[in-house]
Amino acid sequence: MIDLHCHLLPGIDDGPLSLEVSLAMARQAVDDGIVFTACTPHIYPGLYENTRAGIEAAVLEFRRELAAAGIPLQLGVGADVHLAPELAGAVRAGRVPTLCGSRYLLLEPPHHVAPPRFAESVFGLMTAGLVPVITHPERLTWIENHYAVFGDLVKQGAWMQLTAGSLTGRFGRRPQYWAERMLDEGLVHILATDSHHCDKRPPLLAEGREAAARRLGAAEAEHLVETRPQAILDDLPPAAVPPLPDVGAPKKAGKPGFWHRLFGNP
Ligand SMILES: [Fe+2]
């Protein structure tokens, strides 16, 4: 399996603070069946001022540590890029990395507030030749009142990345509901771990693949963790990648009736 969203590098963001924890996470990933991990620390203006050059240097150093420790995990360079003004220019100028040098950009929307003109910002990145891969929409607290926008973005060519642990309930019932709904509606391109540590947010992908296989079958589950991530590494155009599953007509977009009946307005 290929994990394209992981905070694996030590001391560079809110991921592991020490090399020992990073190495332990890498061992967990290998034991889980992950062969390739993109190191994607946050780039968040004013909070995590990482740059492509800094991340590349940290990946080189961590590769040496993995080799010395005998851990067979391949690493790539990327970033968990917070949505910010002038992003396309920063990518073009080489300050912000895409996923492993491809046209695919891991894009993190704000967690708690729907950004103004969110769809327009994503479209703007596409106009610049990038394919935004939206990180964990299922965990955004504002998804409930803006669900339709994610379907619209997918239709326009954006990709969606679910966190594997959302499908298994690691983040609670609310993200699990949205993760399953997006999966069932054929709106999800890839799964990733978004791991930050060994325990609370471990680098485990197989459990997500299995949960997805139970809903959509083994072939689509493989697309989520292998085929489409590999296509990103190969920088294939989206038209050359296995399409999203045809799951029939989507449920009525908008308010989640099931969720509201169960829990009210969270
Ligand atoms: Fe992340």
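## Close-up views of a predicted model

**View 1. Histidine 42 makes a polar contact with aspartate 14.** The side chains of histidine 42 and aspartate 14 are joined by a polar contact of 3.1 Å. A polar contact is a pair of N or O atoms within 3.5 Å; within protein, one must be able to donate a hydrogen and the other to accept it, and residues adjacent in sequence count only if both atoms are side-chain atoms. This is a predicted model, in which local features need pLDDT of at least 70 and side-chain atom pairs count only at pLDDT 80 or more, while totals for chains, interfaces and linings use all residues. Residues are numbered from 1 along each chain as its sequence is written, and side-chain values use heavy atoms, with hydrogens and water left out.

Histidine 42 sits in strand S3 (residues 42-43). Helices (H or I, at least four residues) and strands (E, at least two) are DSSP runs, numbered from the N terminus. Histidine 42 is buried, at 6% relative accessible area. Buried means under 20%, exposed over 50%, and partly exposed in between (1.4 Å probe, protein chains only). Leaving aside neighbours within four places in sequence, histidine 42 is in contact with His7, Asp13, Asp14, Tyr48, Asn50, Asp80, Glu108 and His196. Contact means heavy atoms within 4.5 Å.

**View 2. Three strands form an open sheet.** The order is S1-S2-S4, and the pairing is parallel. The edge strands, S1 (2-6) and S4 (74-77), each pair on one side only. From one strand to the next, the twist averages 25°. Two strands pair if DSSP finds at least two bridges between them. S1 and strand S2 (residues 36-39) are joined by 3 bridges. Here isoleucine 2 stands opposite phenylalanine 36 in S2.

**View 3. Helices lie across the sheet strands.** Helix H2 (residues 52-69) lies across S2 and S4 and runs at about 175° to S4. Helix H9 (residues 218-233) lies across S1 and S2, at about 70° to S1. Axes are lines fitted to C-alpha atoms, for helices over the stretch in contact, and angles run from 0 to 180 degrees between N-to-C directions.

View 4. Ile55, Val59, Phe62 and Leu66 are the buried residues of H2. They cover an arc of only 75° around the axis, so they lie on the same side of H2. The arc is that of the directions from the helix axis to the C-beta atoms. An α-helix has 3.6 residues a turn, so residues three or four places apart point the same way. The buried residues pack against helix H1 (19-32), S2, S3 and S4. Ala53, Arg64, Ala67 and Ala68 are exposed on the other side of H2. Just after H2, glycine 70 takes a positive phi of about 70°.

View 5. Most residues other than glycine have a negative phi. Arginine 117 has a positive phi of about 55°. Its place is the loop between strand S6 (104-108) and helix H4 (118-127). Arginine 117 is exposed, at 61% relative accessibility. Histidine 136 has a positive phi near 25°. Histidine 136 is in the loop between strand S7 (131-135) and helix H5 (147-156). At 1% relative accessibility, histidine 136 is buried.
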